[in-house]
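Keep the sequence and the model in view while reading.

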Amino acid sequence: MPDPTEQGTSEDLHEVTVVVNGVARTATVPARRLLSDFLRHDLRLTGTHVGCEHGVCGACTVLVDGEPARSCLMFAVTAQGHAITTVEGLGTEESMSAVQQAFTECHGLQCGFCTPGFLTTVTAFLDENPSPTPDEARDAVFGNLCRCTGYQNIVKSVLRAAELREEQQVPYAAEPAQRHTASSVVAEGGSA
Amino acid sequence: MTTQMFGAPVKRREDPRLVTGHGRYLDDLGHDALEAAFLRSPHAHARIVDIDVADAIDVEGVAGIYLHEDLTGAMAEPLPLLIPHPTLTHGRTTHALAKDEVNHVGEAIVMVVATNRYVAEDACQRIRVTYEHLPVVVGIEAARDGEHLVHEDVPGNVAAHMTQQVGDVDAALSSAPHTLTLDLDIERSASMPMEGKGVYARWDDERGELRMYSSTQTSTGVRAAVAARLGLPLAKVECIAPDVGGGFGVKIMHPWPEEVLVAWAARLLGQPVKWTEDRREHFVSSAHERGQLQQVTVGFDDDGRLLGLDVRLWHDNGAYTPYGIIVPIITSTQLLGPYKPGAYRVEFWSLYTNTVIVTPYRGAGRPQGVFAMERAMDAIADRLGLDRAEVRARNFILPEEMPYDHGLLFQDGRPLKYDSGDFPASLDKLKKLVGWDDFAAYRAAAEAEGRTVGLGIGCYVEGTGVGPYEGGHIQVETSGRVNVSTGLTSQGQGHETVFAQIVAQELGVRLEDVHVTTGDTRRMPYAVGTFASRAAVMSGNAIALAARNVRAKALRIAADALEVAVDDLEIADGTISVKGAPGTAMSLGTVSVLSNPLRYAFDEAAKAATQFAGTFDPDKPPVADDEEPGLEGKDFYSPTQATFANGMHAAIVETDPVTAEIRILRYCVVHDCGPMINPMIVEGQVHGGVAQGVGGALYERMDYDSSGQLLNASFMDFLMPYASEVPHVETDHLETPSPLNPLGIKGAGEAGCIPVSAVIASAIEDAEGFPISRMPISPNDLWELRRRHRAGELPSLNRSTHPAHEEPTP
Ligand code: FES
Ligand code: FES
């Protein structure tokens, strides 16, 4: 990889179009722009957080074509043409997803900084395993760090979310790749 | 009647915002701001010979590159020593940018401001600094022996040396039937919030005003410190703590170099500037805590009662002492826990090392103190062949002895005087919860299966809610909306919820009508900050007092309007009505209208308050002499001393006979923080505290090599617990009220983590049959201890019935 310090002072820019939360979004960025920075600062979707910048904490987890991925480990240019779901795409304050609602019911967050990464991770997990045991619920989140909660209420939230989804009959597709995909684009969004 | 809000586990008001991605943390602000990056020292101790920035200046997008020599006036002075103390005879602080010398890896030397962080870091990489290396002091032993010095003018590396004493310790120890001495060792850990620090500053050139945001635990502190450095009147600086992604102590330190530099650069450049700390920066340039060596000598009688306690502590304060010596002072006082020590002497040395500074991390010196005391309790029980819980009970301060004055000075310079607590009742609850009396049978059954288990216990008392004060301001709008503000900050404790609960209860309004703002100097300029488990006690009581003022004012106005006596009125759900005549009523919104006589009818509500709107007494002024317009009130709470919460934890651990892996099978907590405003939130605080305690007991250490490099400065290498490492926590509560404050409450924020290392050490010791004196303890460490035990280098416990572990076959 070329060392930017040895290069000239201006960088090549690339136009990147990504379907984010069902809306096609375009921005012009350098090749080294991280997907996390692209989402947060180019698209101004600041719900995705950055806790470590090296793929360990999970705070930056988004769904790429329905699968959890760490946006601090991906370049924006790599996401070209893919469909991304961020925490903003899971639900709104007026209409929360089951997972979001469960976290508020079970005190599954304190400072809330790690929370978006848990919410996206758990959403994908429950798509795969809609009725987890307590042990499975704990295993589902053991790749994400939280410094506030001690995880106990997060595990409780996962189980509660499963219950809520059951009550709400949340449909889920058999193949993860079929969820949150480009086919669900609703409108051409403004480019950043 | 308004529903009972105080004590209800209501859902948090902040959560809908936070779970939908609409929190506003520091780096979510200022997308168009310039960004700062720092060139930091790669060496632990060196003189700066030369800084060459020539190659960096040409990087496209660089707006400015700044060294110490670019700073003038107060900006060039060393940063303040925040908490001076007479025994801190050799306090030292750093400069915003290093001047001539660096004293730890990570110390800021150059600030680059550029269009974005990528470019700023590119420029940092092109700066060349020439260093002359100096001898490095790492570790408490190296600091203590004083062969090399961190600061040339600080002999023996001793920043502070302090002794406190009650009674004649030497006489007590020499006449005691039994004495024993323990040498103990606790390593460094750190707060490690998921969001690092960050600062964003905007300069308004036309008004000559600075607005800054900081991910801080004290916006009033940052504001005052930055105003002083920049030479600005306080009135021209405002500071806001936005949503903060965890603090745990590290963000009470201020001003950080970045806080003053970013604000300074924003004014200099006339453009918004932001800095967001990255994880490596947080490891090497924020703060750590915990590192201490301890020597504890106890004298006791045949029943295990303490007669004398003599403690010596060597505390690692890192390279500088900007936060004073609060941590070792807390260790040396809170070490006493729920016990009567007999004669007590504590002496500590606070020592410089070439490592990151040490400032309070959740627990703030208490985990170390409790470790010392509880190790001693276990050792006494073992020496005398007594039950460990029984030895503790025999030394307890009893409820009828409250208030209990230890005769020492606490961290706030006020007497260490416990206000309330029922330690025997707490211990009873804990024994029941964990099944203390049935453990022998449990162990026998486990041993029959070839498993090794142990039971541990630890007790603590925590001084919470230290002064000097906090304030609350409440204003009722004509719509009935209730605005509440307090100056201290929030980092996840649910203040928007619990303070709203207090107001709903005290004022008689609906929870959803209450809106709480914290940490915004525009709304409440007088405040101290969030630390020492003080927010609920300090701001909670201030807000309750303010609510009582507003309630009294509302009743006065309504009584006048309804032509009844104040005593005939009641308030519920935001409506004031005449008792027994609910039809005669008026909303608080209407009272708010009446409270503010108006000339102009800008809306329907305002019309009712205008001069021709109603009847009035022509002989009285529209606003009475002793009143102010508006339905609002303010009050401050300032206690004479801290209020003391307490708790007791027990754990059952299993150690693997072959791999020495340590597993926590059960973790039980009995917690007494007085009446709980919101039990759901208190439980959450306990869970989180225990998790951090488990990290400190089993996983987290700062791995400095002898050259002062922090080898594990990433989440990959610093083992912060995931869900897989944290046990399920079983809790029970006592609610012993404090006589000291109107709500009778005590702090809860730090409690969970305080005794964990002591409890886990106690349980591992019980499982293994030899003493544990050093935490954290990894499987490797335990393996090594087993080897030494087998080799006869480590004694067996007296109570040990287990054979030493066999040498496992490889
Ligand atoms: S920020 Fe991406 S995993 Fe931590
Ligand atoms: S809620 Fe604060 S880090 Fe998880």
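Is A:Cys52 buried or exposed? With a relative accessibility of 1%, A:Cys52 counts as buried. The model is a predicted one.

## Cysteines

A disulfide requires two cysteine sulfur atoms within 2.5 Å. For B:Cys673, the closest cysteine sulfur belongs to B:Cys753 and is 15 Å away, which is too far for a bond.

B:Cys673 is buried, its relative accessible area being 3%. A residue counts as buried when this value is under 20%.

## A stacked pair of rings

Two aromatic rings are described as a pair by how far apart their centres are and by the angle between their planes. Over all chains, the structure holds 15 aromatic pairs. One of them joins B:Tyr339 and B:Phe396: the ring centres are 5.9 Å apart and the planes meet at 10°, so this pair is stacked. Planes under 30 degrees apart count as stacked.

Where do the two residues lie in chain B? B:Tyr339 is in the loop between helix H9 (326-334) and strand S15 (343-352), while B:Phe396 is in the loop between helix H11 (388-395) and strand S16 (404-409). The pair therefore ties together parts that are 57 residues apart in sequence. B:Tyr339 is buried, at 0% relative accessibility, and B:Phe396 is buried as well, at 2%.

## An edge-to-face pair

B:Tyr469 and B:Phe636 form an edge-to-face aromatic pair, with 5.9 Å from centre to centre and 70° between the planes. B:Tyr469 lies in the loop between strand S18 (452-464) and strand S19 (470-476) of chain B, and B:Phe636 lies in strand S25 (residues 631-637) of that chain, so the pair ties together parts that are 167 residues apart in sequence.

Are these residues buried, exposed or partly exposed? B:Tyr469 counts as partly exposed because its relative accessibility is 24%. B:Phe636 is also partly exposed, with a relative accessible area of 30%.

## A cluster, and charges over rings

Ring pairs also link B:Phe283, B:Phe715 and B:Phe718 into a cluster.

Which residue has its charged end over the ring of B:Trp256? It is B:Lys197, whose charged end sits 3.9 Å from the ring centre.

Note on methods: Residues numbered from 1 in each chain as written. Chains lettered and ligands numbered in written order. Predicted model: local features only at pLDDT ≥ 70, side-chain atom pairs only at ≥ 80, totals over all residues. Heavy atoms only, no water. Buried < 20%, exposed > 50% of the residue type's maximum accessible area, 1.4 Å probe, protein only. Phe/Tyr/Trp six-rings, centres within 6.5 Å; stacked < 30°, edge-to-face > 60°. Helix = DSSP H or I, 4+ residues; strand = E, 2+ residues; numbered from the N terminus. Lys NZ or Arg CZ within 6 Å of the ring centre and 35° of its normal.
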